[in-house]
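Please look at the sequence and the structure first.

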Amino acid sequence: MTMKALAVVSTAVALTAAACAPVRPAVPGLDPRQTPTWSAADQRDFLYGSMGNEFVPERFLRAFIAAYPDLFPGGGLAAFGVLAEPGREWPVGFSRRAVTHLGNQPSIGMNCAACHLAEFREAADRPGLRVIGPPALFDVYAFSGALAVSMARTTEPANMVGFLSAYMPAARARIDARADTIRTAVAADPLTSKGLAPEALHDVAAGDLDAEDPVVVALAVLKVLHNMRTALHLPAKLPPPVPTLPGPGRTDAFGVLSVGLLATPARFDAPVKYGFPWNLDRRTWVHWDGNNRDPLARNVEATLGLGAPTGGGGRLLDFALVRRQTDLTQRIRPPRYPWPVDGAAAGRGAALYRAHCASCHDGVPEDQRLHAVEQIGTDPNRARLFDQTQADRTNAWLAALKVPGYSPSPQSYRSTGKYWAPDLDAAWARSPYLHNGSVRTMWDLLTPPAQRPRAFRRGSRVFDQAALGFLDAGPFVLDTTVSGNASTGHAYGTDLPDDAKRDLIEYLKTR
Ligand code: HEC
Ligand code: HEC
């Protein structure tokens, strides 16, 4: 067969396959049916646009990566589970914008896509399929830790010289010649907080970061580091590691916000899976405990919690950016299962679903979806964390904000102390399961709690279509015996025969 004939035949095969197979999105593009109202610009803004929280000048980040390779293994940000994008220096979900308090330097932030977009692969060597909504593998705790340690190291006189050499390699000779003076200047006031009020920021003249004299640059770097620390709510002395490591795809969001925004200590033993931003226009309450009903409040809080300066009631926040990301994310639809489904088995599974699951997971998304921790039996830490005191503090904090353009609505937050039984749209894409991501596959969730695996590894993008879940592979071990990681409870459907479980799983693929 000639090449041309071959091409025609394969096109025909591809078209036929496309007509009858479940729709397979263009790889690695996104399935446009998830976002029918988006323009190309909308998609770009979701993937790379700013939500207003740029927290590190990109030249600083490049210099950290070069100066401290032990903190950025493999170079770049690869070790933190980010999704690289060919032709772009920074990964999906990372924004770039100049911000005043960082010396007007182009700076890097993160947006919703950093946490709420995942890639699925049929096999390690197959191209990835990107889906909006499922938890990313991004390990935000490890990334923030590497950033915080890089910042702390750079304030040490001995390290500043090395940092500057990475920051402006062309000036190396000048830096070496002035090394002693640089060290002495840094040692005089490494944290540059003498005489500054809490939350106050330095004015940093952009020219100082490019000055001829490396001593001037070093002092400007210290001021930027102070502003970064203040905006990121990092204490001068780094805290010890948290008791329950979140790993990829999880964070103790309300613990972080408690410490950063409400100045209230947290135990950091309630890491949760990033939630599902689907069909938000059809829901009232969101989060694992159904504690929030105000998308703008939620996103203003996330932006201020993730690096936008909070001083002066957040008056530096560019609210239009938060509003833009909020508008974009209100109408994202759940993704469809991209691989073949056994229709007969799914039909049998539908009846099982109605009998065993629908009473909790279907119907109007109102408060009958909330279930007491004692009833469901899953890990209690997250439900208990956000108690009435936290809800009151958060509402009061929102009410006191002075973000230009933002008017907080009353009672955006409440405490329920319970877990919400979520819609099971795209249940296939939600692994690892439960609010704390403690159950690797749907098959494991349908296994009696005592027999579920005690530990599994996280980090693989390869998907097991029979069990519904990512492979037990990757750098992070999720140990379910650690506080906050329990994989107990939710025993529904676990006593079904194996055939019935397979039918139920097949049905869940159609949702
Ligand atoms: C650093 C990671 C991270 C970023 C960035 C992030 N989120 Fe989230 N998101 C989370 C976590 C964690 C939760 C679950 C919190 C909880 O319930 O305890 C969550 C929950 C949610 C929920 C609730 C979903 C549900 O099923 O109840 C929505 C909606 C949401 N995020 C939207 C957004 C939007 C919109 C943005 C950008 C403006 C954003 N998130 C940025 C981590 C993130
Ligand atoms: C009594 C109410 C109830 C019944 C019955 C029930 N569930 Fe749930 N389900 C919940 C609650 C509440 C949660 C949230 C628990 C948590 O995350 O800790 C949940 C969580 C889940 C999750 C995790 C979702 C995610 O994003 O991780 C899946 C999957 C699920 N249920 C599937 C099922 C299936 C399948 C059945 C039927 C065999 C079923 N459930 C029966 C109440 C119920």
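I shall speak about a sheet, then the nonpolar cores, and finally the surroundings of a ligand.

This is a predicted model, in which local features need pLDDT of at least 70 and side-chain atom pairs count only at pLDDT 80 or more, while totals for chains, interfaces and linings use all residues. Residues are numbered from 1 along each chain as its sequence is written, and chains are lettered from A and ligands numbered from 1 in the order in which they are written.

I begin with the sheet. Two strands pair if DSSP finds at least two bridges between them. An open sheet is formed by three strands in the order E1-E3-E2, with antiparallel pairing. Strand E1 (56–57) and strand E2 (94–99) each have a single partner strand, so one side of each lacks a neighbour in the sheet. E1 is joined to strand E3 (residues 105–110) by two bridges, and Val56 stands opposite Ile108 in E3.

Next, the cores. A nonpolar core is a set of buried Ala, Val, Leu, Ile, Met, Phe, Trp, Tyr and Cys residues joined through C-beta atoms within 7 Å; buried means that 20 or more other C-beta atoms, placed from the backbone, lie within 10 Å of the residue's own. The largest core has 97 residues, and Ala136, Phe138, Leu164, Ala218 and Met228 touch the most other members. Helix H9 (residues 214–231) gives the most to this core, with 10 residues.

Lastly, ligand 2. Helix H15 (residues 358–361) gives the most to its shell, with three residues.

Notes
Helices (H or I, at least four residues) and strands (E, at least two) are DSSP runs, numbered from the N terminus. A residue is buried if 20 or more other C-beta atoms lie within 10 Å of its own, exposed if 12 or fewer, and partly exposed in between; C-beta atoms are placed from the backbone.
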